[in-house]
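Here is a brief report on one model. Please read it with the structure open.

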Amino acid sequence: MSGAEVRRLRDGDGQEFMARLKKTVVMVGMMGAGKTAVGTALARALAVPFLDSDEEIERAANRTIAEIFARDGEPFFREKESQVLSRLLKGTPCVLSTGGGAFMSEANRRMIREQGVSVWLKADLEVLWQRVRHKATRPLLRTPNPRETLRALLEARDPVYAQADLVVESGEGTVEQMAVRVREALATRPDVLETDG
Ligand SMILES: Nc1ncnc2c1ncn2[C@@H]1O[C@H](COP(=O)(O)OP(=O)(O)O)[C@@H](O)[C@H]1O
Ligand SMILES: O=C(O)C1=C[C@@H](OP(=O)(O)O)[C@@H](O)[C@H](O)C1
Ligand SMILES: [Mg+2]
């Protein structure tokens, strides 16, 4: 059965377990929630491919997200984001991390709902701010008061992220611990992840 092979894995205690990922796991949430970092760890833990929509967009354009925003504007970026999501959701089940704005589009949410399972990595403003404040890679935060910008985005977006299929709190704990929490949340959905561990 292509795309849903059984994987023989080991958990943190060295115990062997079997897992079969049947749908693509789509990580959603705010900038700094840990979608890229936790998604990478989760894919490794499940022995499935990891993809990140931002990385795919950058690779195809041969430019950074910041350069794309500066030269072509946000609407162009959003168009590319939807195209990339559509393409990647059709592939083998994997872990797919999105950019923080991807889930704001109704059309994107529909695609994700129909073809994958969404996991909201939820974090509060202080946690998010501490994780993004030293990085200049996020064009939406290049404002006179980036913390206030982040706060306003969080307020507007949280009710939309709440439509995700699963929620995992991404405050306390390491990236590896978050990945375990996501795996446990996925294991409550046998239509997504079959596991005996
Ligand atoms: N649970 C965590 N604990 C500590 N640092 C984290 C955690 N999750 C993410 N980070 C760090 O926060 C920063 C932002 O994470 P990232 O995965 O890029 O977020 P996103 O893709 O959601 O914007 C990175 O430096 C990452 O290593
Ligand atoms: O929240 C957003 O609208 C964005 C989040 C970024 O991804 P991360 O959430 O991975 O930082 C990236 O897609 C772009 O800068 C826009
Ligand atoms: Mg990211």
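Strands β2 and β8 run antiparallel and are joined by three bridges. Within this pair, A19 faces T195 of β8. The model is a predicted one.

**The open sheet**

These two strands belong to an open sheet of three strands, ordered β1-β2-β8, with antiparallel pairing. Its edges are β1 (6–10) and β8 (193–195), each of which pairs on one side only. On average, neighbouring strands of this sheet are turned by 30 degrees against each other, direction ignored. Strands of a sheet pair through backbone hydrogen bonds, in either the parallel or the antiparallel sense.

R8 stands opposite M18 in β2. R10 has E16 of β2 as its bridge partner. The two strands form a hairpin, with five residues between them. In that turn, G14 has a positive phi of about 85 degrees.

The two pairings are set out below.

| Strand pair | Sense | Bridges |
|---|---|---|
| β2 and β8 | antiparallel | three bridges |

**The whole chain**

How many helices and strands does the protein chain hold? There are eight helices and eight strands. The radius of gyration is 17 Å, close to the 16 Å that the globule rule gives for 197 residues, so the chain is as compact as a globular protein of that length. Along the principal axes, the C-alpha atoms fill a box of roughly 50 × 35 × 30 Å.

Buried residues make up 34% of the 197 residues. Contacts can also be sorted by distance along the sequence. Of those with a separation of 6 or more, 73% are between residues 24 or more positions apart.

**The shell around ligand 1**

Which residues come nearest to ligand 1? They are G34, K35, T36, A37 and R131, out of 16 residues around the ligand. Two helices, α1 (35–46) and α8 (175–187), each supply at least two residues of the shell. The largest share, four residues, comes from α1.

Definitions and conventions. Residues numbered from 1 in each chain as written. Chains lettered and ligands numbered in written order. Predicted model: local features only at pLDDT ≥ 70, side-chain atom pairs only at ≥ 80, totals over all residues. Rg over C-alpha atoms; globule rule 2.2 N^0.38 Å. Buried ≥ 20, exposed ≤ 12 C-beta atoms within 10 Å, placed from the backbone. Contact = placed C-beta atoms within 7 Å. Near = placed C-beta within 6 Å. Pairing = 2+ DSSP bridges. Axes fitted to C-alpha atoms, helices over the stretch in contact; angles between N-to-C directions.
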